[in-house]
Amino acid sequence: MVSRSVVLIGGPDSGKTNYLARLWPSFHKKKGELRAERMPDDISYVDGAAEHLMKGKFAPRSDRNLEVGRVDFSIDVRAGRGTGDLTTLMVPDISGELWTRAVATSEISTEWLSLLETAEGAVLFLRHGSNQTVQPLDWVNARSVLDLYTAEEPAPTTAEDDPLPANGTNDAAANVESEEQSEPGIPTQVLLCELLRYLDLLLANRDNGGAPRVAVVIAAWDRVAVDMRSAGPRRYLEHEFPLFAGRLACESRLDIKVFGLSIIGGDLDDDPAFREEFLKTDVSDQGYVVLQNNDNCEKIADVTLPIAWAVGG
Ligand SMILES: Nc1nc2c(ncn2[C@@H]2O[C@H](COP(=O)(O)OP(=O)(O)OP(=O)(O)O)[C@@H](O)[C@H]2O)c(=O)[nH]1
Ligand SMILES: [Mg+2]
């Protein structure tokens, strides 16, 4: 195995599988900054996911059964359009549930520990519009909503059973749903901060002695509202994930870059017109990343860039 590696991690439903699926056509056609050294022997997992995309559907979420759903995946790559050092891209947990569990219990297997300790960089996924995003309790709004109940009428039984919404949307049904869906109920921002803490603590310095690089990827960027899209990925994080944005801002060791990512440039689920157009084109020509350098946003038609940057030249 190659000695240099970067890891790709993220919580459940954060867009990891569909991203890997989208990388495939780029690798095959040798397009983009990042090139695959050679295709791995067992690619049935990624092939299956890529097939969904070719048919105009997003690949489904990975198996959520913790015992049998664990699939590690790795591929050797080079940045610099194939001229950089050989590096292994490791995806140690295809289903993001195990990262949630590791954070909830503060226990990481020794196998994962050594994986992180030998990696020189990481790609960390989160996704816009995921129904798996768990919001922390919004005390200010929760209090004023409860005050309304006590002033006008008795609170409904669901609110009595669970008087404080655990989700800042003030929607009791949504709270129950999100708590059921994400087993330990860790707010997504806390999960992200904890994952970053692990990366900070464990990642190795780069070969040249430089700080490890972490590409933070905001998936489904095409679904972000237009004005927020033009504000850029950093501003998006400050608005939607302020705790995590604050944590990124005060990180002193890691070299961090934030990317907006749209794997095919639009939405296959809710936009039939886009889907129709998409099916007429070559998937390897679709998709983009958005980079924010200070106040400028740059849109680049190369979805391999987050990994290429994390791998380095
Ligand atoms: N519009 C849009 N939706 C996306 C994009 N990437 C991912 N999605 C949506 O995100 C959902 C989840 O993506 P997955 O790739 O399954 O996420 P995952 O991180 O592998 O999830 P787990 O397997 O549960 O860990 C998909 O079903 C799509 O609906 C994108 O670029 N654009
Ligand atoms: Mg998956």
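**View 1. The shell around ligand 1 in this predicted model.** Ligand 1 is surrounded by 23 residues, and the closest are Lys-16, Thr-17, Asn-18, Ser-62 and Gly-96 (a residue is near if its C-beta atom, placed from the backbone, lies within 6 Å). Helix α1 (residues 16-28) gives the most to this shell, with 3 residues; helices here are DSSP runs of H or I with at least four residues, strands are runs of E with at least two, and both are numbered from the N terminus. By class, the shell holds 6 nonpolar, 9 polar and 8 charged residues (Ala, Val, Leu, Ile, Met, Phe, Trp, Tyr, Cys and Pro count as nonpolar, Asp, Glu, Lys and Arg as charged, the others, Gly among them, as polar). Local features need pLDDT of at least 70 and side-chain atom pairs pLDDT 80 or more, while totals for chains, interfaces and linings use all residues. Residues count from 1 along each chain as its sequence is written, with chains lettered from A and ligands numbered from 1 in written order.

**View 2. The open sheet, strand by strand.** Its 9 strands run in the order β2-β3-β4-β1-β5-β6-β7-β8-β9, with mixed pairing. At the edges sit β2 (35-36) and β9 (296-300), each with a single partner strand, so one side of each is left without a neighbour in the sheet.

**View 3. Strands β3 and β4 up close.** β3 (residues 73-78) and β4 (residues 87-91) pair in the antiparallel sense over 5 bridges (pairing takes at least two DSSP bridges between two strands). Across from Phe-73 you'll find Val-91 in β4.
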